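Please open the structure in your viewer and keep the sequence beside it. The tour below goes from one selection to the next and says what is found at each stop.

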Amino acid sequence: MPKLHQTPVLFALAGALLVQPAAHAGHTTAQESSWTFGGFGTLSAVHSSEKQADYAANPLNPGEAGATRDWSYAVDSRLGAQLSYNDGGHWSAVLQVVAERNLTHSWTPKVEWANVQYQVSPELSLRVGRIALPLFLSGDYRKASYALTSVRTPVELYAAIPISNSDGIDASYRWNFGNVKNTTQVLFGGTSVPLSDDTRVKAHRLAGVSNTSTSGALTVRATAIEGELETPLLQELFSAIRQFGPQGEVLARRYEPDRKRATVLSIGASYDPGNWFVMGEVGRVNARSMLGDKTAGYVSGGYRLGSFTPYGTFSKVVSNTPNQVAGLDLSMLPPPYAPAAQRLNMELNGLLSMIAEQDSTSLGLRWDATSNAAVKLQFDHVRPRSGTSGTLSNIQPGYRYGRSFGVFSASVDFVF
């Protein structure tokens with residue numbers, strides 16, 4: 001059984017088998033080629049007291065806990081399998097497939113990872129294919145909830161960037177600075193995410209650098225990634241706004257999401273000496289459009305009592321841009337055009353009110369029932385702020401902005 005006092009990354013390595021093929025310590029000893037197969041899964045049930053909207057842990061998963069269903073089994077449930085190959089020398093490969101609910105209401109399995117790695121030296125490795133984005137402390141295993149103490153990663157931060165992989169290349173270099181072990185990763189690629197059967201959001205020219213440092217019980221990861229978003233959404237709205245002359249052109253350029261440069265900056269730290277742990281992260285996501293410029297973060301900690309781990313988390317997201325704007329100046333328009341402009345202003349502000357501002361306080365308990373299965377119970381008190389709907393979706397006509405609500409989650413996580 002994996003030791004629960006290991007750091008989250010080591011826990012994932014030992015318990016979930018959900019990592020890229022390991023780098024070789026050297027090339028002087030011949031090794032046989034090997035295949036490794038494993039998998040992971042989560043079965044969950046989620047209830048939200050907010051009945052005029054749906055709670056979702058990820059904007060790419062409709063969730064449907066609240067307005068749509070009293071209890072939803074789709075918020076966190078998923079099944080994944082991974083096949084790895086190592087030739088015993090320089091080459092290795094990995095294929096990971098995950099089935100979970102998506103915006104097309106499908107559970108069709110998707111390829112999460114599919115890449116080939118070449119170990120140039122004990123320090124340097126190169127990969128090509130579909131690769132996990134090195135975002136956040138849990139970025140390498142955010143789909144494998146068994147590797148997490150909590151039911152899910154904090155929604156306020158992780159839902160701000162639901163993209164978890166990139167198609168391209170990367171290079172990782174391991175180096176030491178005194179007693180501090182570092183792995184520096186640079187990447188270049190792109191990704192595409194389906195929003196419906198015929199609409200996709202794409203990220204082009206993704207480029208980034210990430211560094212993970214470890215020293216004893218301390219792990220620190222810092223990441224910077226930038227790319228260009230191709231978002232074929234709301235084109236009719238911004239075309240209509242442009243019809244109102246120079247002021248409409250300025251407004252459309254500021255808020256339309258297509259062909260905008262997006263930037264993600266994050267840093268997080270985890271300290272896990274054995275019986276207890278504490279961790280925290282902060283990140284900024286700037287999409288330079290109506291998708292928002294947000295800063296989010298959390299602090300979390302827990303104490304291990306045999307096979308039981310009680311834990312708590314406080315997380316928060318704030319908008320660095322206004323959630324309401326004046327929009328088109330109606331006083332500058334001929335009276336016949338004012339009603340249409342007012343409707344456009346209302347539609348734009350409705351979109352801006354969806355830029356999440358909220359905080360959550362979470363309490364939970366993890367029970368490692370067997371060597372490869374964990375049962376978790378978690379309660380979240382969620383407070384949307386500043387006249388926004390927070391991270392809720394499917395807002396109904398009777399929804400009251402600013403009203404807090406509770407979310408109860410129960411899950412079983414397993415690996416095989």
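In which loop is S164 found? Bearing in mind that this is a predicted model, select S164, and you will find it in the loop between α2 (155-158) and β9 (165-177). S164 counts as buried because its relative accessible area is 10%, which is under the 20% cut-off. If you now show its surroundings and leave aside the neighbours within four places in sequence, S164 is in contact with E112, I131, A132, L133, R142 and K143.

Next, turn to the largest nonpolar core, which has 25 residues, and select L135, F136, L157, Y158, I161, I225 and Y298, the members that touch the most others. At least two residues of this core come from each of α2, β11 (200-215), β12 (218-230), β13 (260-271), β14, β15 (293-303) and β16 (308-319), and β14 gives the most, with three residues.

Stay with Y298 for a moment: apart from neighbours within four places in sequence, its contacts include L157 and Y158, as well as M279, G280 and E281.

Finally, move to the surface and select L218, Y271, W276, V278, Y303, L305, F308, L365 and W367, which form a nonpolar patch with about 800 Å² of accessible area together. Strands β14 (276-286) and β17 (358-370) each supply at least two residues of this patch. Within strand β14 lies V278, and V278 is partly exposed, with a relative accessible area of 39%.

Technical notes:
Residues are numbered from 1 along each chain as its sequence is written. This is a predicted model: local features need pLDDT of at least 70, side-chain atom pairs count only at pLDDT 80 or more; totals for chains, interfaces and linings use all residues. Side-chain values use heavy atoms; hydrogens and water are left out. Patches are made of residues with over 30% relative accessible area and no salt bridge: like charges are joined within 9 Å, nonpolar side chains (Val, Leu, Ile, Met, Phe, Trp, Tyr) within 5 Å. Accessible areas come from the Shrake-Rupley method with a 1.4 Å probe; for residues, only the protein chains shown count as cover. A salt bridge is a side-chain nitrogen of Lys or Arg within 4 Å of a carboxyl oxygen of Asp or Glu. Helices (H or I, at least four residues) and strands (E, at least two) are DSSP runs, numbered from the N terminus. Buried means under 20% relative accessible area, exposed over 50%, partly exposed in between (1.4 Å probe, protein chains only). Contact means heavy atoms within 4.5 Å. A nonpolar core is a set of buried Ala, Val, Leu, Ile, Met, Phe, Trp, Tyr and Cys residues joined through side-chain atoms within 4.5 Å.
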